[in-house]
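Please keep the sequence and the view at hand while reading.

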Amino acid sequence: MLVLFCLPLVAAGWGLAGGFSGGDAAVATPAEGVFYGSLASSSVGGLTLLDPLAALQVAAASRDLAPVLAVGVLPVLVAYGLVRGRAFCGWVCPVNLLGEAADWLRLRLGIEVRERAVPRHAKLGVAVAVVALAALVGVPVFETFNPVGAVNRGLLFGAFAGAWTLVAVLLCDLFWSRRAWCRALCPMGGLYEALGRAGQVNVAIDHGACVQCDRCKAVCLADPAILEPALAGEDVIVRAGDCLACGACVDACPADALRFRLGRPRRPAVPVGQPAAPCPAAVPAPPDAGRPSAAAPGSTD
Ligand code: SF4
Ligand code: SF4
């Protein structure tokens with residue numbers, strides 16, 4: 001996704017990070033292409049796409065829901081709403097990439113951190129708070145230090161003043177709590193979590209195949225707790241809006257008990273499958289997981 005957002009500039013003869021390549025003859029306007037923009041605002045074939053949270057803050061700050069905001073936000077909400085809200089976090093957001101780097105580094109350095117320091121639903125409240133703050137002070141405050149915006153501005157325009165937010169996220173992930181920002185604090189994740197409650201791309205479980213090894217919980221990027229209803233036989237899919245549809249659990253399952261499925265079946269009134277007793281032959285979670293296999297108590301949806 002990062003390459004995709006950089007391509008229009010490069011293809012038009014511009015350099016990255018505010019650089020400039022080629023002579024005057026090579027200069028073209030990236031906006032003349034079919035696709036250009038950043039993760040906050042882009043244009044695809046003339047269709048404007050806006051980051052919904054940034055647009056909400058601007059609308060709240062200016063007390064004006066300009067049509068362009070509504071038009072630019074709607075396709076994004078519909079697309080992520082249909083797929084899965086936090087697919088943005090799993091597949092598009094560059095901060096998730098930073099989280100993966102932090103996971104790798106923490107493992108190499110042998111640093112132990114808490115699995116959960118802040119309740120994961122806190123990000124819903126943070127999303128409401130940043131919009132309310134924008135309305136209160138008349139400025140979309142969060143956008144001044146949004147780590148996603150910091151990546152955009154640095155990569156595309158060479159404005160690295162916001163890089164401290166990325167360093168802060170990295171340090172929190174490394175020394176405080178695993179993926180604290182993405183799991184519990186990011187307001188963009190909060191908004192997409194709310195959308196994720198309607199998504200049609202879901203991880204489904206085959207209860208008969210599951211051997212209760214908990215490898216899926218060990219690798220889950222969102223929170224191990226979101227898998228618990230499915231593993232306990234209380235649900236047939238991972239229903240929580242937190243799920244990033246990252247597929248890490250599907251890849252990690254040694255019994256092929258997990259797969260993506262389309263549709264959102266109702267939660268069964270009675271448990272649909274009796275979880276099997278832990279299989280004595282089940283291979284223990286790989287040491288490189290470096291993560292606890294059991295979730296701390298917490299809500300699961
Ligand atoms: S590991 Fe599975 S349950 Fe966890 S966020 Fe990724 S897809 Fe969702
Ligand atoms: S990784 Fe697969 S077999 Fe192991 S607990 Fe999860 S779903 Fe069951």
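The shell around ligand 2 consists of 11 nonpolar residues, one polar residue and two charged residues. There are 14 residues around this ligand, and those that come nearest are C210, C213, R215, C216 and C253.

The model described here is predicted. Its chain has a mean pLDDT of 84, and 83% of the residues reach 70 or more. In residues 285-301, however, the pLDDT is below 50, although this stretch has 34 contacts in the model beyond near neighbours in sequence. Where pLDDT is low, the predicted coordinates should not be read in detail.

## Packing of helices α2 and α3

Helix α2 spans residues 52-62 and helix α3 spans residues 67-83. Their axes lie 9 Å apart, and the two helices pack at an angle of about 155 degrees. Since angles over 145 degrees count as roughly antiparallel, α2 and α3 are therefore roughly antiparallel to each other. Their crossing is left-handed.

On the side of α2, the contact is made by P52, A55, V58 and A59; α3 contributes L69, G72, V73, V76 and L77. The residues of this contact between α2 and α3 divide into eight nonpolar and one polar, and no charged residue takes part.

Conventions: Residues numbered from 1 in each chain as written. Chains lettered and ligands numbered in written order. Predicted model: local features only at pLDDT ≥ 70, side-chain atom pairs only at ≥ 80, totals over all residues. pLDDT = per-residue confidence, 0-100. Contact = placed C-beta atoms within 7 Å. Axes fitted to C-alpha atoms, helices over the stretch in contact; angles between N-to-C directions. Helix = DSSP H or I, 4+ residues; strand = E, 2+ residues; numbered from the N terminus. Parallel < 35°, antiparallel > 145°, perpendicular 65-115°, else oblique. Left-handed = near helix turned anticlockwise from the far one by under 90°. Nonpolar A, V, L, I, M, F, W, Y, C, P; charged D, E, K, R; others polar. Near = placed C-beta within 6 Å.
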